[in-house]
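Here are my notes on the model, in numbered points. Please read them with the structure open.

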Amino acid sequence: MPSFSFPRRQQSRRLRRAAGCAVATITLAPGTILAAVAGRLVLALLLAVAAFGCAVRSWWWVRLAGRSRIGARSEDEVQRALAMLEREGWQIRHSLRWAGRGDIDSVAFAPTGIGFVIETKTSRFDPEHVERTAEMASRLQARRRSWFPNGARPVLCVVRAHQVQQTEAAVLVVSLDRLVMALRIAAGTRSQPLFLSPPPGGATTEDRLRQSAPAQSP
């Protein structure tokens, strides 16, 4: 079963805030009507503005919760894919606490002593995400040297991309459909199949992402 990841916790918090704003809207509505009936128009206007503000705020939190849900589903897909490696002797951990914003989505420890610090994105990423993934891997390796006897490699998994396997700024950028095989190869537990070797002048990561179905990233 997928772990209760940071996006799941974030989704839960945002839904609670949306519910709180909705309750405030419902509470203010009768007061607005009573004030209007009593002829206290200024008070009625103020209550109406407050109710409208709470309603807009509730809608905003619901939208943010929806974005968190998309991110949580992407992490669930990565977790299910990594479960295949556990049957091969790998150790997998998810949702590790991180000093910065959020958490470390997943860490995979290969039998060969190499570790992979994995950041999950739904469909898009930018240089800041690449830099953050590299930083997390570097800091985690420095703090937990015993976990990574043969080093830790940063990995950025783009779930809704297809046939992406590229190294950018020392970060392995890979789509979900190639994640497991790419980790096996990088760890030395499986050799690189010839048909996966990138041809000279082949498509770049950006080209492949542009060919993927567009979706809003969390």
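1. Start with R139. This residue is partly exposed, with a relative accessible area of 39%. The classes run as follows: buried is under 20% relative accessible area, exposed is over 50%, and partly exposed lies in between (1.4 Å probe, protein chains only). The partner of R139 in a salt bridge is E135, with the closest N and O atoms 2.9 Å apart. A salt bridge here is a side-chain nitrogen of Lys or Arg within 4 Å of a carboxyl oxygen of Asp or Glu. E135 is partly exposed too, at 33%. Both residues sit in helix α3, four residues apart, about one turn of the helix.

2. A word on the basis. This is a predicted model, in which local features need pLDDT of at least 70 and side-chain atom pairs count only at pLDDT 80 or more, while totals for chains, interfaces and linings use all residues. Residues are numbered from 1 along each chain as its sequence is written, and side-chain values use heavy atoms, with hydrogens and water left out.

3. The overall layout. The protein has five helices and six strands. From the N terminus on, the order is α-α-β-β-β-α-β-β-β-α-α. Helices (H or I, at least four residues) and strands (E, at least two) are DSSP runs, numbered from the N terminus. Of the 218 residues, 44% count as buried. Among contacts with a separation of 6 or more, 60% come from residues 24 or more positions apart. Contact means heavy atoms within 4.5 Å.

4. How many salt bridges are there in the protein? The count comes to three. Besides E135 with R139, R132 meets E119 through their side chains (3.1 Å, N to O). R132 lies in helix α3 (residues 127-143) and E119 in strand β3 (residues 115-121), so this pair ties together parts that are 13 residues apart in sequence. R132 is partly exposed, at 24%. E119 is buried, at 10%.

5. R184 and E88 also meet in a salt bridge, at 2.4 Å, N to O. This pair links distant parts of the chain, 96 residues apart: R184 is in helix α4, and E88 is in the loop between α2 and β1 (91-97). R184 is buried, at 9% relative accessibility. E88 is partly exposed, at 34%.

6. Next, the packing of α2 and α4. Helix α4 (residues 176-187) packs on α2 at an angle of about 35°, with the axes 10 Å apart. The contact is made by E77, V78, A81, L82, M84 and L85 of α2, and by L176, L179, V180, L183 and R184 of α4. Axes are lines fitted to C-alpha atoms, for helices over the stretch in contact, and angles run from 0 to 180 degrees between N-to-C directions. The crossing is right-handed. That term applies if the near helix is turned clockwise from the far one by less than a right angle, and left-handed if anticlockwise.

7. Finally, the surface. F52, V56, W59 and W60 form a nonpolar surface patch, with about 460 Å² of accessible area together. Patches take residues with over 30% relative accessible area and no salt bridge; like charges are joined within 9 Å, and nonpolar side chains (Val, Leu, Ile, Met, Phe, Trp, Tyr) within 5 Å. W59 lies in helix α2 (residues 41-86). W59 is exposed, at 51%. The accessible surface of the protein comes to about 12100 Å², of which 58% belongs to carbon and sulfur atoms. Accessible areas come from the Shrake-Rupley method with a 1.4 Å probe; for residues, only the protein chains shown count as cover.
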